[in-house]
Amino acid sequence: MDITILKELYAQHVGSECTDSIELPGSGSNRRYFRLMGEKSIIGVIGEVKEENEAFLYMAKHFKNKDLPVPEVYLASDDHMAYIQEDLGDSILFNAIEKGRATRVFGEEEKRLLAETLRQLCKIQFAGADGFDFNKCYPVPEFNRRSIMWDLNYFKYCFLKSVGVEFLEDKLEDDFQHLADVLLRSNSATFMYRDFQSRNVMIKDGKPMFIDFQGGRKGPFFYDVASFLWQAKANLPNSLRQELLKEYIAALKKYKFVDENYFHSQLRHFVLFRTLQVLGAYGFRGYFEKKPHFIQSVPFAINNLRDLLKDHPYIEYPYLNEVLNNLVNMSQFTDGQQKRALTVKVMSFAYKKGIPDDTSGNGGGYVFDCRAVNNPGKYDRYKPFTGLDAEVIKYLEDDGGIFTFLDHCYELVDAHVKRFIERGFTNLMVCFGCTGGQHRSVYSAQHMAQHINEKFNVKVELIHREQNIEQTFNVRK
């Protein structure tokens, strides 16, 4: 089918001829999109699957009647293989949050758009399901065990096999079945968008509008929340995810009672499932169909999976957990990760010899002055010792001032390390200075290095400059 039918629909709707047209960039589907121009700008769509087109046409009409933020469909061809719809412009949410995605620091407007998108998602899930005929959905009417296993096998054969991960079929299948059991206990009579991510949200007049919902079906609302907040290339820091989850839960409470502990415990299973489903799609579209966009997205999804396994291991699925850990630790996925990992350099120094230079090229970091803490160096009996020796440690800890001092330092540095990890920064420097670089600064730097390594499991390079002592705290496996 060519564009002629779209121009005929345009003329029929507008009452004048289409004077120009341009084909828009394709997405992951096989549908073709055109911008038809003339007296009015309209989007024309040609789809290859009649049933999928009919599902979209039904959903668009139903949602529009519910006053939900979707484009209006104007006309469709008699065979339903082509249709024209409202032109929402060119701004998509994915691009609107571009700065945040790049830096992992999201501005207030970006946060507003993300929060409003989640509020509208909740509305389409619940209000959109009112009076909805799920038999109109394509290819299946509801989220069920068969569709879950399709997606898990998609991951198994299109991704695990493609990247060379070895696994025992029976043991992996047992955990897949268990995961399906857990997911299905959340089934509800709500609309599940299924491919809810920032590329499928347009921004018009500062408000989110939803597109590409033709794969939706009846299913649990958890799925869409996981899809959106853990979208691989959205690159949302976990702190922002938690903020946005509060926004979603607040909207959800308008429709049902929410046990927040259960909500979070169940959501993590959907995050895992969605991550595996996405990797399966990336494997097929990237490794089999050789589409570069999907290959480029793989490291982002692997990083998501790595974070999931690190923060909350999926011990409910022991063999799957083992296979996934093997996957994220493959050299093809860890080499780049190691290059981007944060290293914190902690130093002690004497002010009379100058503040240490930052050799990373980042312009330094924190410099804490320890000279307000009582100085053991003024007593002859402590002069032979350093802040690493028991005699000095006892003096400082019995005095107690060092604890208050370091507690304040920890609070500042912890926030910095956390944000640097989220943003993918690779260097941070923390220095402690005192009069001679021997007692207070050495004690403080030693404890800070141990604290950072234990709390964040990042590499810490410790240097006691005036003592000519170096120590490295490595990442624990």
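Biologist: What percentage of the 477 residues in the protein chain is buried?
Modeller: Buried means under 20% relative accessible area, exposed means over 50%, and partly exposed lies in between (1.4 Å probe, protein chains only). By that cut-off, the buried share of the protein chain is 50%.

Biologist: What kind of model is this?
Modeller: Residues are numbered from 1 along each chain as its sequence is written, and side-chain values use heavy atoms, with hydrogens and water left out. Local features need pLDDT of at least 70, side-chain atom pairs count only at pLDDT 80 or more, and totals for chains, interfaces and linings use all residues, as this is a predicted model.

Biologist: How many helices and strands are there in the protein chain?
Modeller: Both are DSSP runs, numbered from the N terminus: helices are H or I with at least four residues, strands are E with at least two. The C-alpha trace spans about 100 × 55 × 45 Å along its principal axes. The chain holds 16 helices and 14 strands.

Biologist: What share of the contacts with a separation of 6 or more joins residues 24 or more positions apart?
Modeller: Contact means heavy atoms within 4.5 Å. Among contacts with a separation of 6 or more, the part from residues 24 or more positions apart is 71%.

Biologist: Which residue is 116 residues from Lys-204 in sequence but 6.1 Å away, C-alpha to C-alpha?
Modeller: Lys-204 lies in strand S7. Not counting residues up to four places away in sequence, Lys-204 touches Glu-86, Asp-87, Leu-88 and Met-209. The residue at that distance is Leu-88.

Biologist: Are H7 and H12 roughly parallel or roughly perpendicular to each other?
Modeller: Under 35 degrees counts as roughly parallel, over 145 as roughly antiparallel, 65 to 115 as roughly perpendicular and the rest as oblique. H7 (residues 169-184) and H12 (residues 318-328) pack at about 115 degrees, with their axes 7 Å apart. The two helices are therefore roughly perpendicular.

Biologist: Which residues of H12 make the contact with H7?
Modeller: The residues of this contact divide into six nonpolar, no polar and two charged. Nonpolar covers Ala, Val, Leu, Ile, Met, Phe, Trp, Tyr, Cys and Pro; charged covers Asp, Glu, Lys and Arg; the others, Gly among them, are polar. H7 brings Lys-171, Leu-172, Asp-175 and Phe-176, and H12 brings Pro-318, Tyr-319, Leu-320 and Val-323.

Biologist: At what angle do the axes of H14 and H16 cross?
Modeller: The axes of H14 (residues 390-399) and H16 (residues 440-456) come within 10 Å. H14 and H16 are roughly perpendicular. Their axes cross at roughly 85 degrees.

Biologist: Which residues of H16 make the contact with H14?
Modeller: From H14 come Ile-393, Leu-396 and Glu-397. The residues of the contact divide into three nonpolar, one polar and two charged. The H16 residues are Arg-440, Tyr-443 and His-447.

Biologist: How many of the eight residues of H8 are buried?
Modeller: The buried residues include Phe-222, Tyr-223 and Asp-224. They pack against H3 (93-96), H5, H6, S6, H9 (238-252) and H10 (260-288). H8 (residues 222-229) is mostly covered, and its buried count is eight.

Biologist: Which residue does a cis peptide bond join to Tyr-138?
Modeller: Omega is about 5 degrees at this bond.

Biologist: Is Asp-212 buried or exposed?
Modeller: Asp-212 sits in the loop between S8 (207-210) and S9 (217-218). Its phi is near 55 degrees, a positive value in a residue other than glycine. With a relative accessible area of 13%, Asp-212 is buried.

Note on methods: Axes are lines fitted to C-alpha atoms, for helices over the stretch in contact, and angles run from 0 to 180 degrees between N-to-C directions.
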